[in-house]
Amino acid sequence: MPGMRKNDGSESNITRQIANMRWVLKNTFKKHDFRPLQREVISSVIQGHDVFLQASTSFGKSLCYQLPAVLKDWGLTVVVCPLLSLMTDQVNTLKSLGVSVATINSNTTHDERQRVFEDMLCGHPCTRLLYVTPELCLTENFRRRLLTVHKQGQLIRIAIDEAHCISEWGHDFRPAYKELGWFRKNLVNPTVPITALTATATPRVRSDMINILGLDLENLRLFNTPSDRPNIHYEVRYLADYAGDNCTAEDSQLKNLLNWLRAIQSRREARIGSEEMARLPPMSGIVYVGTRAMAEHLASRLCQSSDGTVTAVAYHAGVEATKRSQIQSTWKSSRPVQPADGRKIPAFSIIVATNAFGMGIDNPDVRFVVHWTPPRSFESFVQESGRAGRDGRAAASLVYYGIQERNFIETMIHRDTESHRVNGHENRESKLESFGKVIRYCESITRCRHELIKEFFGDFELEEMGSQLPAKEGVSVASSSPCDFACDFCKEGRGGLAKRREKMASETQMALLYADFD
Ligand SMILES: Nc1ncnc2c1ncn2[C@@H]1O[C@H](COP(=O)(O)OP(=O)(O)OP(=O)(O)O)[C@@H](O)[C@H]1O
C-alpha cells in the first residue's frame, strides 16, 4: 500500500523480528508458549498491517501489541485504554517485567507528565509503550506532540484497547472514542498502523469500529476466536416469582445459591478428599447484583446464612477507593483466609459486586460468576461471565432469570434513556436490542448456550469477512460446537429445561401480581 511503512521497512528486518518472537515471549514476558492465534496476530502486527482482533475474554489480547512494541529496539506504541484501573494494572505488570512503559492519566503528577513528554519528543524515546486515555487523545497539546513523534519516525503503532467503546451501539459507548478517527486522518506519510482489540462486538459495533477508525480494508488483517468460552459451563436458573409459605422470593433464591455452592463443595471434596481441601484457599467467585444496596445486603446475608462456608464482601462505586483495591488484592491473593476466632476456613470467597467491578479484573482462578438478576446487556453478560476461568480450567456461569426482573429492567432502560437522552431513540433501541438477546439467551430451552453466544456476536459473519482461524485449520469457529455438555441445554436436554422453566411465573401470573400492586 502506498505510503505505508512496514515497520523497519526491509523484509529481512521483519523476518528477524518474527524469528525473535518466541525468545521475547519467554525472556521478557515469561510465558512458555503462544496461545492459539497469538503468533499469527503478532506476526501481522510486525508486518505493519492494520489488525482487528476480536477475541474472547482472557485470550491474551494485550500481548498482541505489547510483544511487537518490545521486540523492536526503538519506537513508541501508543495504547488507548478506557479505564484507569485497567491501565494501572497493565503498566504495573509491564514494569515488573522490566519493560519501559509510561502512562498519562488523571493520576499522573505534573513532573511525571513532563518527564514522559520530554522522553517522547527526544527523537529516540526510551518508552516503548505509552498508555493514555481517549480523552487525552482529543487534546491539541497531545495531538501536536504525537505528530512530532511521527515526523521523527518514532511512532510505530497505535493500539486501541476495548475498541467497542467507539460505537453507540455498543454497551460501553464512550464519546471520546468516537474521535479516534483522528489518528488515521493525521498520522500519514507514512501511515501509522492501528490495532483494534475487543472481546465483545456485535456486527453493527464491528462495522462502526472499522469505519470510524478508518482501518484500511486492503491492508487489514482480521482475527477472531469464538465469543463463547469452551471452559465455562453456562446455566440459567428460573425464578418462581412467588414466595413459599414461610419464605420470601429472596430467601428461596439464596437457598438455591447456597445449595449450588454446597454441591460444588461436595464434588470437590469427593475428588480431592477433605484433608487436602482444608489446605486449599477458598474458591473465588463473583456474584453480580443490580444495586449498591443489594451488594451490601446480599454480601452480609451470604456470610450469615452459610454456616461459615462463605466469606462475602460487597464491591461497588460507593466503597472508598483504597478499600476497593484492598478488597481486590485480598480476593486475588488466593491465600487461605484463617478466621481470627478459630472458625473453619471458608470454602468460598465471594465478591458481591455491581458492574463497577468491571473491565481489567485479571484474577486467573475465579471459578464461578453468578448473575443474581439478569444482566442489562448481552455484551456485559459475556464480559462479566468471562471473568470466570481465565486460567483455562473449568468454571461456571449462572444466571438467575425471572419475568419480574425482566420487566423491571426493560422499564429501567426506558426510564434511563428518557432521562439521559444520549442520542435518545437510537440509544434506547440499541440497549433494548442488547437486552433482547439476554432475554432470548435466558428463555431459550432449545439451543446450546455456547452456540447462542456465538450467534449473537456474529462469529460466523466474521469468518465470512475473512477472519483467520485459530490453530485447527479448516474447522469453522462458528459452526463447530465446543460444548461438551458444558451448558444446561446440552446436559439436561430440552425436556429438563422446559420443566425448570415451567416453574417461572407466567406472564398471566405477573399481570395478576401487578394488578394487586395497583
Ligand atoms: N501466551 C500466554 N501464555 C500464558 N499466559 C498468557 C499468554 N498470553 C496472555 N497470557 C495471560 O492471560 C491473561 C489475560 O491476558 P489479557 O489481560 O491480555 O486478556 P484479554 O484478552 O485482554 O482479556 P479481557 O478482554 O478479559 O481483558 C493475563 O494474565 C496474561 O498474562
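Predicted model: local features only at pLDDT ≥ 70, side-chain atom pairs only at ≥ 80, totals over all residues.
**View 1. The shell of residues around the ligand.** Among the 16 residues around the ligand, K31, T57, G60, K61 and S62 come nearest, a residue being near a molecule or strand if its C-beta atom, placed from the backbone, lies within 6 Å of it. By class, the shell has five nonpolar, six polar and five charged residues; here Ala, Val, Leu, Ile, Met, Phe, Trp, Tyr, Cys and Pro count as nonpolar, Asp, Glu, Lys and Arg as charged, and the others, Gly among them, as polar.

**View 2. Strand β2 and its two partners.** Helices (H or I, at least four residues) and strands (E, at least two) are DSSP runs, numbered from the N terminus. Strand β2 covers residues 76-80, and five of its five residues are buried, a term that requires 20 or more other C-beta atoms within 10 Å of the residue's own, while 12 or fewer make a residue exposed and counts in between make it partly exposed, with C-beta atoms placed from the backbone. L76, V78 and V80 point one way from β2, whereas T77 and V79 point the other way. In a regular strand the side chains alternate between the two faces of the sheet. Two strands pair if DSSP finds at least two bridges between them; β2 runs parallel to strand β5 (residues 155-160), to which five bridges join it, and V78 has I158 as its bridge partner in β5. Strand β4 (residues 129-132) also runs parallel to β2, with four bridges between them, and V132 in β4 stands opposite V80.

**View 3. The pairing of β1 with β7.** Strand β7 (residues 220-224) has four of its five residues buried, so it is largely enclosed by the rest of the structure. Strand β1 (residues 50-54) pairs with β7 in the parallel sense over five bridges, and the bridge partner of V51 in β7 is R221.

**View 4. The packing of helix α1 against helix α3.** Two packed helices are described by the angle between their axes and the distance between the axes. For helix α1 (residues 11-27) and helix α3 (residues 63-71) the angle is about 110° and the axes are 10 Å apart, where axes are lines fitted to C-alpha atoms, for helices over the stretch in contact, and angles run from 0 to 180 degrees between N-to-C directions. The two helices α1 and α3 are therefore roughly perpendicular to each other, the class given to angles of 65 to 115 degrees. Q17, N20, M21, V24 and L25 in α1 meet L67, V70 and L71 in α3, two residues being in contact if their C-beta atoms, placed from the backbone, lie within 7 Å. The residues of this contact divide into six nonpolar, two polar and no charged.

**View 5. The open sheet of six strands.** The strands follow the order β8-β13-β12-β9-β11-β10, with parallel pairing. The edge strands are β8 (232-238) and β10 (310-315), each of which pairs on one side only. Neighbouring strands of this sheet are turned by 20° against each other on average, direction ignored. Strand β8 is joined to strand β13 (residues 395-401) by seven bridges, and Y400 in β13 is the bridge partner of R237. Helix α9 (residues 249-272) packs on the sheet and touches β8, β10, β11 (348-353), β12 (366-371) and β13, its direction making about 165° with that of β13.

View 6. S58 lies in the loop between β1 and α3, and its phi is near 75°, a positive value in a residue other than glycine. With 20 C-beta neighbours inside 10 Å, S58 counts as buried, whereas N189 is exposed, with 11 other C-beta atoms within 10 Å. Phi of N189 is also positive, near 50°, and a cis peptide bond with omega of about -5° joins N189 to P190. The place of P190 is in the loop between α7 (182-186) and β6 (194-198).

Conventions: Residues numbered from 1 in each chain as written. Parallel < 35°, antiparallel > 145°, perpendicular 65-115°, else oblique.
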